[in-house]
Amino acid sequence: MDKNLMPIVSIPEIATIVDIRDEIEDVRSFYFTLDRPEIEQAFQIRSGQFIMCTVFRAGEFAVSLPFSPENDRKHISVRKVGKVTAALHQLEPGDKIGIRGPFGNGFPFEEIKGSNIIYVAGGIGLIPLRSSIIHVLQHRQDFGRVILVYGAKSSKELMYKDSIKEWQATENFETHFTIDRPEPGWSGEVGFVNHLAAKLDLPVSDTVAFVCGPPVMFNAVIKELKLKGIKEQDIYSTLERHMKCGIGKCQHCAIGRTLVCVDGPVYTYKQIRTLGEQI
Amino acid sequence: MYWLKKEQLELLVKKLAEEYKIFGPRHDRVSDEVIFDHLTDLSELDLQAAIPYNPPKFILFPHFEEILKYRYEPETKEVRIEQINLLEPKALIGLRSCDLTGLLCLDRFFLGQEYVDEFYLAHRKKLFIISNTCIRPFPQCFCVCTDSGPAAKDGFDLDLTFTGRDYLVEAGSKKGQVLIDELGLAEAGPEASALKKKIIDNSVSSFDSFALENKAWISRATNRLTTGFIKPEVWEYIGNQCFECGACSFVCPTCSCFNIEDANLESSETDRLRTWDSCSFEGYTKMAGDNNPRKPVEDRRNKRFFCKLSYSQSKKYLRPGCVGCGRCARVCPGDIGLPNVVTYIRREITGESGE
Ligand SMILES: Cc1cc2nc3c(=O)[nH]c(=O)nc-3n(C[C@H](O)[C@H](O)[C@H](O)COP(=O)(O)OP(=O)(O)OC[C@H]3O[C@@H](n4cnc5c(N)ncnc54)[C@H](O)[C@@H]3O)c2cc1C
Ligand code: SF4
Ligand code: SF4
Ligand code: FES
């Protein structure tokens, strides 16, 4: 590996928060640049990877990279759930964070060229998929049909509304949205995302699906996709585990015989099924 | 091979102490246990002592360690990260072969695989290792079942074998040879190898009469753990006996799970600490929103034995993860030290069916 492209393994690199945006309730995007120019330059990612982010005086946590490997602003989108993420939400532009990574395998890109692609996301499950969606749209001519099926509890909980508008302006990008319960002014579907997926006319052959969301939604969607005939090895997802090191040493993220931080976080459903553990 | 006279041992230790911090087995009067410890008083080194209560892993992978320090100035928003210098020459004297094998497992795990653990590497860089053949096993030992003793095969700088009066010394590295030359040790004749072999053979054949506490025919258990063909009732039976105390992980020479935590000091400084952890603890896999994929204790217990004996984990260590030291069996308040678990798996014991 080119030494400049090596991930930041042990000692966090300092980065500055340059911009903050509210996405949905309790979820904010933090745009950042790495302080050392040579590191900023060398920081290259694959869609589906993650970093370990230090919030100084609070701790470190694992977070997906929602930006495209090409021409996109570096950021993370974080839900406030506990000690460290709450401390991050206190920060303002100009504040510093620490970064190690990028880590993990990432989604396949070269291997799936020529295929139809179905993205199915539930709630903040769109965060880890965003990078791949943009990357694919940046290379639109290399793929067949590209479809996003996205559901959330309510319209207020749909992530990345601005990005979605931009994507919809791309030719040949099909989008379908659903929310759990009817709302005034909502013209999309109502019901769970798996029900929506079941109703749609989705491609089956030469098709890969990327599914991300809470475990209940995930299992229900997989069932529908399999019923339609999509093969288990063509369904990808990212798994989440308690992570402490990100580099395969602390063992907190062990699932079956694999470690999510180095063997994942991207797994095919076929792999997930043979892990022998709850996801 | 060379001869080290009993009187010369002191000389050797003194010589090493000029350059290295000395660790070795000593008898602790307070606890009445043999412990592997930093020797502030070199005369406390006791190479005849029994297998120490604790393995030497704490020297490379401390129970509790500051791996990083940073200072955050809230006014200016400046951050300064300070690397901790963990590089310190250390000599480990009198390592028993199970513990040396355990250390080599840790080497392969921390230094091999996808990434190198830089903190472990810093501790490892300047080690001098002297192993000590077990001329007779201790009651808890089963290294002959796990191919990790009673004598060291590699990984040492010097290897000692007590012959009843003096020590036979073998160099395993250039560093070791240099020390032998410096001490001017007498070369042992051609009969030395045969003598050493005889001592080891004697030790192996005395397992039947001395090492009575534990046996572990691990190969069948390895198969079962790897393929996952173990009835859930067996895990339940095992899980029901676990107190979730973590003692087994802490005394195991190859257990290496850790936690990382940032601890704020009074000033604007913060220490990033890495501490031992155990897969037996319920919080180990807990995620936000109280979502815990491995809640039942048996789910967590099978993880430990998977780590020690499965084929997939052995690929990381290039051998089984258990080195047969018997410590977990000694400390477990339940009755699920590794040798017992192997028996339960081999015989599919689930409580009701009995032996
Ligand atoms: C690969 C990966 C990608 C992730 N991507 C995102 C993302 O893009 N956006 C986002 O908001 N969250 C993401 N998470 C979850 C995020 O890491 C946790 O929400 C966060 O660690 C919670 O930390 P806390 O201190 O605020 O919560 P607390 O509950 O106070 O956490 C205590 C400890 O538990 C650990 N922990 C708690 N929940 C999780 C969890 N779900 N996963 C892993 N470790 C956890 C933390 O390391 C922390 O040390 C991701 C997790 C993983 C593993
Ligand atoms: S020593 Fe025994 S009781 Fe304690 S955690 Fe280990 S297996 Fe469980
Ligand atoms: S599993 Fe038990 S017997 Fe085996 S090496 Fe660890 S502590 Fe020793
Ligand atoms: S996060 Fe430490 S091993 Fe995966």
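This is a predicted model: local features need pLDDT of at least 70, side-chain atom pairs count only at pLDDT 80 or more; totals for chains, interfaces and linings use all residues.
Modeller: Residues are numbered from 1 along each chain as its sequence is written, chains are lettered from A in the order in which they are written, and side-chain values use heavy atoms, with hydrogens and water left out.

Biologist: Why is the pair A:Glu60 and B:Arg272 called a salt bridge?

Modeller: The closest N and O atoms of A:Glu60 and B:Arg272 are 3.4 Å apart, and the rule asks for a side-chain nitrogen of Lys or Arg within 4 Å of a carboxyl oxygen of Asp or Glu, so the pair qualifies. Across the interface of chain B and chain A the rule finds three salt bridges.

Biologist: What makes A:Arg130 and A:Asp72 a salt bridge?

Modeller: Their closest N and O atoms lie 3.1 Å apart, and therefore the pair meets that rule. Between domain 1 and domain 2 of chain A, two salt bridges are found; the bounds, 3-103 and 116-238, come from an automatic or database domain assignment.

Biologist: How do you know what area chain B and chain A bury between them?

Modeller: Buried area is the accessible area (1.4 Å probe) that two parts lose on being put together, summed over both, and for chain B and chain A this comes to about 3,600 Å², 54% of it on carbon and sulfur atoms. For domain 1 and domain 2 of chain A the value is about 1,400 Å², with 51% on carbon and sulfur atoms.
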